[in-house]
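Morning, everyone. Here is a short tour of one structure. Please have the sequence and the 3D view open.

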Amino acid sequence: MKITRQERKVAAPINRVRRSALAMMGLTMLGSISACGFRLKGAVDLPYKALAITGNPSPQLRGDIQTAVLTGTAVKVAINPRDADLLLEILNETTTQEILAYNANGQISAYRLTVRVTFRAFDTTGVEVVPESEIYLTRDLDFSVSTVLANDAQIQGFLGLMRRDLAIQILRRISASARVSKSKGF
């Protein structure tokens, strides 16, 4: 079926109207999302120039915090604490795996994974930006005896995702506390 030139001229305004209507709906949706306070998960606004990570975090958590700082903020990660305006001290990090449920045969059918981090943050003058705080995440995980190796890989994957999420939550808590302390100073 061949479309004539006159049929194209009639269809062109309809397509423009349809495109305009779709564009307006898209802009309306974006406007409503931004009005409700939505923001991207990784974006954190820290009012510092350099941050040093001290204490005894696991290498994975240290790497996740450094990645979150370098990708989600304009802050640099200092190796030497003397070069930083904010010191993040990781006091304790624990990872636990507890049995959550058994099946009818008495075999484990579910685990609960927990990652718990205790930290505090203070500036170079020694003023606490965030007093000693604890953040933890839990995830429930189904387990099958027939796929033990796959479950081990799944557990490690979950723990990695949980640590990344904890790193961003730590930075958000620092950001919120820094804004509150700066507003009190005025």
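**The sheet and its helices**

Strand β4, residues 108–123, pairs with strand β5, residues 128–142. The sense is antiparallel, and the pairing runs over 12 bridges. Keep in mind that this is a predicted model.

Arg116 stands opposite Tyr136 in β5. Thr118 stands opposite Glu134, also in β5.

What links the two strands? β4 and β5 form a hairpin, with 4 residues between them. Look at Gly126 in the turn: its phi is positive, about 95°.

Next, step back to the whole sheet. In general, strands of a sheet pair through backbone hydrogen bonds, either parallel or antiparallel. Here, 5 strands form an open sheet, and the pairing is mixed. Read the order as β2-β1-β3-β4-β5. Which strands are at the edges? They are β2, residues 76–78, and β5; each pairs on one side only. On average, neighbouring strands are turned by 30° against each other, direction ignored.

A helix packs on this sheet: α2, residues 59–72. Helix α2 touches β1 (50–55), β2, β3 (86–102) and β4. The direction of α2 makes about 170° with that of β1.

Last stop, the surface. Met24, Leu27 and Leu30 form a nonpolar patch there. Together they have about 340 Å² of accessible area. Leu27 lies in helix α1, which spans residues 5–35. Is Leu27 buried or exposed? Its relative accessibility is 54%, so Leu27 counts as exposed; the cut-off for exposed is over 50%.

That's the tour. Thanks.

Definitions and conventions. Residues are numbered from 1 along each chain as its sequence is written. This is a predicted model: local features need pLDDT of at least 70, side-chain atom pairs count only at pLDDT 80 or more; totals for chains, interfaces and linings use all residues. Side-chain values use heavy atoms; hydrogens and water are left out. Patches are made of residues with over 30% relative accessible area and no salt bridge: like charges are joined within 9 Å, nonpolar side chains (Val, Leu, Ile, Met, Phe, Trp, Tyr) within 5 Å. Accessible areas come from the Shrake-Rupley method with a 1.4 Å probe; for residues, only the protein chains shown count as cover. A salt bridge is a side-chain nitrogen of Lys or Arg within 4 Å of a carboxyl oxygen of Asp or Glu. Helices (H or I, at least four residues) and strands (E, at least two) are DSSP runs, numbered from the N terminus. Buried means under 20% relative accessible area, exposed over 50%, partly exposed in between (1.4 Å probe, protein chains only). Two strands pair if DSSP finds at least two bridges between them. Axes are lines fitted to C-alpha atoms, for helices over the stretch in contact, and angles run from 0 to 180 degrees between N-to-C directions. Contact means heavy atoms within 4.5 Å.
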